[in-house]
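Visitor: I would like to learn how to read a protein fold from its coordinates. Could you walk me through one?

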Amino acid sequence: MSSNFHAYTNRYLIDDLENRLGTNDLLAWLDNEADELASEGRIPLGFVHFSKSLLQKRKIKRICEAEVIGKACIRPTEDEHYEITYNPVLSHHALRLAIAHEIGHTYWFQPGGGAKPLSPLQRRLGRDPDIECLCNRFAESLLLPLREIKSLELKNQEGLPRLELIPEVTNKYKLEERAVVRKLFARKGSPFAGIISMKLTTQMWTTRWCIIPKRAYELRTPTGFRIPLCGKKTVPLEMLPEIPKGQTVATILDGRWWDGLKQVPANIAKTPFDRLSRHNSRPGLALRLSNVIYLGLLA
Ligand SMILES: [Zn+2]
């Protein structure tokens, strides 16, 4: 049983998939599959390309633009192959992730073509939440393979996680920042309670995304509850760390950042930061670039 088991919706499904695939750690198995498949598509610039041989390995015949509901879709073709269609409105990085996600679905079909589920415990109607999470995990592992991560200097001379890797790796591997953060800084044993990014737009700082490592497998919030920082929020100037630009530094951050990581009823999640009471500041890491700030809130 994998250590991420508590995050699954249906552990019987995960057990069954592990039995069928002959592994006792489904996520490790999946990461390994992604790593091997990635080697079919690596190009000298570094990022993974959906090459012909990569697609052939998963029996994908074509990838084309279409009117799809959502981001992308996979369906069987007449000859035991598959076709991926995608929504042309997606940005380039989002599109890559969406296609990789659809490729991930091929692992949960019975071999021999068609879209019959591998396990009878997979939901037949609508999306199965565990399968969707596994496909997301696969997509991130395919586009940023484990062996690439191992070659990165994750920490600086002071031993601090290098938040500057977020924009660097995002550009190099043509991935979305959130996916990069999950792969680099939100893994098991992460020192962070949350990792946040904010951007300066028309003289106002606004949060862009927030990753919570403990729930990195998938952020699942009960209906009616929200994590305030998962929505966009205006950041009052007094909440910005006063730090030099260009490298990750250890600093003291406004305690309200941690409030933004807690699940609260949806109407309360909308409360602006400047209406929350100020309280204990706490240690964290921060990186400031010209118009972006990344924060690592320590647990
Ligand atoms: Zn899916």
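Guide: We will go from the whole chain to a helix, then to the sheets and a few loop residues.
This is a predicted model, in which local features need pLDDT of at least 70 and side-chain atom pairs count only at pLDDT 80 or more, while totals for chains, interfaces and linings use all residues. Residues are numbered from 1 along each chain as its sequence is written.

Visitor: How many helices and strands does the protein chain have?

Guide: Helices (H or I, at least four residues) and strands (E, at least two) are DSSP runs, numbered from the N terminus. Here the protein chain has 10 helices and 11 strands. Its radius of gyration is 20 Å, close to the 19 Å that the globule rule gives for 299 residues, so the chain is as compact as a globular protein of that length. That radius is taken over C-alpha atoms, and the rule is 2.2 Å times the number of residues to the power 0.38. The C-alpha atoms fill a box of roughly 60 × 45 × 40 Å along the principal axes.

Visitor: What percentage of the residues count as buried?

Guide: A residue is buried if 20 or more other C-beta atoms lie within 10 Å of its own, exposed if 12 or fewer, and partly exposed in between, with C-beta atoms placed from the backbone. By that count, 33% of the 299 residues are buried. For contacts, the C-beta atoms of two residues, placed from the backbone, must lie within 7 Å. Among contacts between residues at least 6 apart in sequence, 62% join residues at least 24 apart.

Visitor: Which residues of helix α2 are buried?

Guide: They are Leu 26, Leu 27, Leu 30, Ala 34, Leu 37 and Ala 38. Seen down the axis of α2, these buried residues fall within an arc of 105°, so they line one face of the helix. The arc is that of the directions from the helix axis to the C-beta atoms. Their cover includes α1 (11-21), α3 (52-57) and α5 (129-143).
As for length, α2 (residues 26-38) has 13 residues and reaches 18 Å from its first C-alpha to its last, close to the 18 Å expected at 1.5 Å a residue. The expected span is 1.5 Å times one less than the number of residues.

Visitor: Now the sheets, please. What is the order of the strands in the open sheet of three?

Guide: Strands of a sheet pair through backbone hydrogen bonds, either parallel or antiparallel. Two strands count as paired if DSSP finds at least two bridges between them. In this case the order is β1-β3-β2, with mixed pairing. β1 (60-65) and β2 (72-76) stand at the edges, each with a single partner strand, so one side of each is left without a neighbour in the sheet. The twist averages 20° from one strand to the next.
β2 runs antiparallel to β3 (residues 82-86), joined by five bridges, and Pro 76 has Tyr 82 as its bridge partner in β3. Helix α4 (residues 92-105) lies across β1, β2 and β3, at about 30° to β2. For such angles, axes are lines fitted to C-alpha atoms, for helices over the stretch in contact, and angles run from 0 to 180 degrees between N-to-C directions.

Visitor: How many residues of strand β10 are buried?

Guide: Five of the seven residues of β10 (residues 282-288) are buried, so the strand is largely enclosed by the rest of the structure. Five bridges join β10 to β8 (residues 249-253) in the antiparallel sense, with Ile 252 partnered by Pro 283. β10 also pairs antiparallel with β11 (residues 292-298) over five bridges, and Ala 286 stands opposite Leu 295. A hairpin of three residues connects β10 to β11.
β11 in turn pairs antiparallel with β4 over seven bridges, where Met 198 is partnered by Ile 293.

Visitor: And what should I look for in phi?

Guide: Most residues other than glycine have a negative phi, and most peptide bonds are trans. Lys 174 has a positive phi near 50°. This residue is found in the loop between α7 (165-173) and α8 (177-184), and counts as partly exposed with 19 C-beta neighbours inside 10 Å.
Gln 203, in the loop between β4 (192-201) and β5 (204-211), has a positive phi near 65°. Gln 203 is exposed, with 5 other C-beta atoms within 10 Å. In the hairpin of β4 and β5, which has two residues between the strands, Thr 202 also takes a positive phi, near 35°.
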